[in-house]
Amino acid sequence: MLDYFLIQSANGIVIGVIYALIATGLTIIFALLKIVNFAHGELYMMGGYFGYYVITLAGVPPLPAVVAAMAISFAFAVAIERGLLTPLYSPGMERKSDYGILITFGLAVFLRNIAIIIFGPFPLRPPSFFDGDLVLGGLIISYDRLVAAGGGLLILVLLIFFLNRTVWGQALNAVSQSRESASIVGINSERMYMFAFGLGGALAGGAGALVAPIYSLSPSMGLVPDTQAFVIVILGGLGSVSGSIIAGILLGLSENLFIAFLPDPNRGPSYANAFGLFIMMLVLLFRPTGIFGRHHAAME
Amino acid sequence: MRAPDILLSLLLAGLAAAFPFLVNAYWLHVMIIGMIYAIIAASWSLLAGFAGQFSFGHVAFVAIGGYTAGILAVSLHVPLPLGMLAGIVAAALIGAGVGWTCLRMSGPYLAIFTMAFSEVLRITIVTENEITGGPGGLNVPQLFHAQTDLPYYYLILALLVVSVVGMMLVLASRWGLFFRAIRENEQAAAAAGVKVTRFRILACAIASGVAGLAGGFYAPYIGILTPDVASQDQMGLVVAMAIVGGVETLPGVVAGAIAVEFMVEALRSYGQWRLVLFGLLLLLTMRFARNGLLAPGWLAIRRLAVLQGQRLIRGTAD
Amino acid sequence: MAMPALIETRGLSKHFGGIFAVDRLDFAVNAGELVGLIGPNGSGKTTTINLLTGHLKIDAGQVRLRGERVDGAAASVFAARGVGRTFQITQLFSRMSVIENMLVPGLARAHAEKRVVLGEARKHLEFLGLASLETLQAKNLSGGQQKLLELGRALMLKPEILFLDEPFAGVNPYLRDEIIGFVKTLHEAGRTFVIVDHDLDAIQRLVHRLVVMSRGKKIADGPLAEVRTNPAVITAYSGV
Ligand SMILES: Nc1ncnc2c1ncn2[C@@H]1O[C@H](COP(=O)(O)OP(=O)(O)O)[C@@H](O)[C@H]1O
Ligand SMILES: [Mg+2]
């Protein structure tokens, strides 16, 4: 029983790191473009397939394929941003929030369904990063999971470094604080939006490529992370990468422990997704406007 | 209503009454499905376009209406019309409850919350298969014992007219004014004496009840109800229909729903491509024609009709 | 016993995190008064209005309307009982026409009849010089016209008391004089006003009584001339 608990905890941490990757991307997009990307889970899904085809068609080894998948996801997200999101930046645009919701929602529907045509409805599984399991006493964990968690953490550390220590990272931060003052110091904010959406896409895509050998790929795999990422952003604090990491791991952990301890074994896996959604509904109940004090802004 | 409106309405009424005799059974079926979607999309427009609550969980209430009628009929042998009524009431009440729960949410927060609600409901339907039939579906008895779909057609036509005209009357009344005021600025609406809580919940209840009606009809018409009615792809289809029609004009939305459904069927041989195409349609409409494709067209026709009418009147006066 | 004050607070308090935006405020306005409420930025004026109109929840203290406790009531209840307000940043129903903006509060009143309300709305628009703009969407009005429309919308409540939050901010001198004139006329017709603004000149031309806030507290309250020479007021203004 204790072993089972340990294994479930380890699985929870792995999926938590992946959630954190997806959520930080969502946060960055949110912080810059001020929209919730309802197609974020679909970018995650696309990233998984990009990785798969880089391995199977181009013969790239699995680990470098993750990097390639991130690069392709970046380009893919930038193309989406150029094609669909530029109206958000024109000052005359009305109801930007509505536009952001509907256009990314439409995008999600489109990507999910075109994925069925291009990639087929059946689950695909790329080769393992490394075959075999690590056995530590009662704890058994596959190398694939270790690589996914380790790779995810590495990306997150690099991201934190990038955001805090580089010119581009600081420019991103400046634009997220205030578009106007950023443009005064000569930052091209539209280029930053493009970059932020690309970066968000790359993070989601990297997550997809990392989990592919563990969970397999399917066109609808983005549906759950779509909403999960949102919980994490709200729990962890908008714009807070470290908050997202902690909240992501906590969510992954609690979901896996929920499965482990639900008395009805048939219903457990089925309700596991509902559990995460349920937590999110609770979170929203207590923080109905997320992290902003938007109420105050409207009041002044 | 102006003269051209009345004329157009009469024309449409005539066309609708004659429709079953102009087409074969297959297209009649497509039309019935289109009208079911029209009710769903129009009720979503009331909630999203007019009351400003962008729910992505609206199809959950279609499921609630359908499963209530279906389960009552299958498990408790309640007559279908009574079960359909119960479905409407259940959907409206649960809708009011969800509306109450997300009173303090707006924009993407509300969208995500309702989406989560809908997914939780769908997962519950999938899992509790002893009652709901699970993923395999629930077999619902027929409403009419006729050889053709004719009775279904006239029933759904009546339901569509009653529900859409009813919603249009609500929107033209002071309730509709309050819905829009709350959409525009909740704080200002409260300062203007609008009971924001009451009207937000009311909008949810009305929209959900109407969606429940559509579900209650759908269940016995199709004969089998699956959890897919509450899927996000269904939600996407409904949103696409409303946006293509023009989300702030209910007749436009009805036309949009029927047009999209006919397109979906016309493209039947393309299989999965259909879903891709209407996803693309939604994206392009949002991107390049935010007020919808059909509503502006309808307004242009009306303007033309008014103009012609005036010219006619002036002509006779001369 | 004297008549109870039109609106009155005792020990009214509101804090945001560690900031005491309003701190044990006692404050009463009698029917027919025209009161100025001033204070440096961040002294709690807007928060006070929000508490007195049901737009914010009260942490501690009481609000009485004609002697009756109303704290905890929703903003719409305050509106229904004749408490009107404008906002520091104009809050209109942007994608609705001018006349629809006016109809909302009119039709929200109990037993309102559409025909009557429409008549009232047109009368107020006439008074404010907006009559010709009836069918325009509110978002297409100029900034000044939007301010006037917001005032007109508050008038549709048939309010006994009106709170105006910085009506003169960002307003050109011509419009400023116009607003002063409107307030005077409405006051003579029997309406009570509480006006928050930094434009002391305009305030002096209007009010009889001045209340001064600083850091959430009331530091002076009395006739105009008296308050202006109050040393506490002078330090509060020069200290910030
Ligand atoms: N919703 C809010 N959340 C947090 N702090 C607030 C909020 N509203 C006001 N404050 C703070 O309360 C204090 C008083 O603000 P306010 O009433 O707006 O002042 P005034 O209108 O006199 O300029 C300020 O320090 C302000 O920052
Ligand atoms: Mg203020």
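1. Let's start with a pocket in chain B. The second largest pocket is lined by 39 residues, and those nearest its centre are B:Tyr37, B:Asp228, B:Ser231, B:Gln234 and B:Leu275. A pocket here is an open set of points on a 1 Å grid over the protein atoms alone, with protein on both sides within 12 Å along at least five of seven lines, and lining residues have an atom within 4 Å of a point. Its volume is about 1,000 Å³, taken as the space filled by probe spheres set on the points, with grid points joined across faces, edges and corners.

2. A word on the model before going further. It is predicted, so local features need pLDDT of at least 70 and side-chain atom pairs count only at pLDDT 80 or more, while totals for chains, interfaces and linings use all residues. Residues are numbered from 1 along each chain as its sequence is written, chains are lettered from A and ligands numbered from 1 in the order in which they are written, and side-chain values use heavy atoms, with hydrogens and water left out.

3. Back to the second largest pocket: helix H2 (residues 25–50) of chain B provides the largest share of its lining, seven residues. Helices (H or I, at least four residues) and strands (E, at least two) are DSSP runs numbered from the N terminus. By class, the lining of this pocket holds 22 nonpolar, eight polar and nine charged residues. Ala, Val, Leu, Ile, Met, Phe, Trp, Tyr, Cys and Pro count as nonpolar, Asp, Glu, Lys and Arg as charged, and the others, Gly among them, as polar.

4. Two loop residues of chain B are worth a look. B:Gln53 sits in the loop between H2 and helix H3 (58–76) and is buried at 5% relative accessibility (buried means under 20% relative accessible area, exposed over 50%, partly exposed in between, with a 1.4 Å probe and protein chains only). Leaving aside residues up to four places away in sequence, B:Gln53 touches B:Leu47, B:Ala48, B:Leu110, B:Arg200 and B:Cys204, where contact means heavy atoms within 4.5 Å.

5. The other is B:Leu143, in the loop between strand E1 (138–139) and helix H7 (150–172) of chain B. B:Leu143 also counts as buried, at 18%. Its contacts, with residues up to four places away in sequence not counted, include B:Leu80, B:Met84 and B:Pro220.

6. Moving to chain C, the domain assignment gives domain 1 (1–82 + 159–240) and domain 2 (91–158); such bounds come from an automatic or database assignment. The domain centres, taken over C-alpha atoms, are separated by 24 Å, and 18 residues of domain 1 are in contact with 10 of domain 2.

7. Where does the largest cavity lie? Both domains of chain C give residues to its lining, so the cavity lies between them. A cavity is a set of points where a 1.4 Å probe fits but cannot get out, and the whole structure has 10 of 30 Å³ or more. The largest cavity holds about 100 Å³. H5(C) gives the most to its lining, four residues, and the classes are six nonpolar, one polar and three charged.

8. Finally, the magnesium ion (ligand 2) has C:Thr46 (OG1) and C:Gln88 (OE1) as protein donors, 2.0 to 2.2 Å away. The pair links distant parts of the chain, 42 residues apart: C:Thr46 in helix H1 (residues 45–52) and C:Gln88 in the loop between strand E6 (83–85) and helix H3 (98–108). Donors are N, O and S atoms within 2.8 Å of the metal (3.2 Å for Na, K and Ca), and water is not among the atoms, so sites may look incomplete. C:Thr46 is buried, at 10% relative accessible area.
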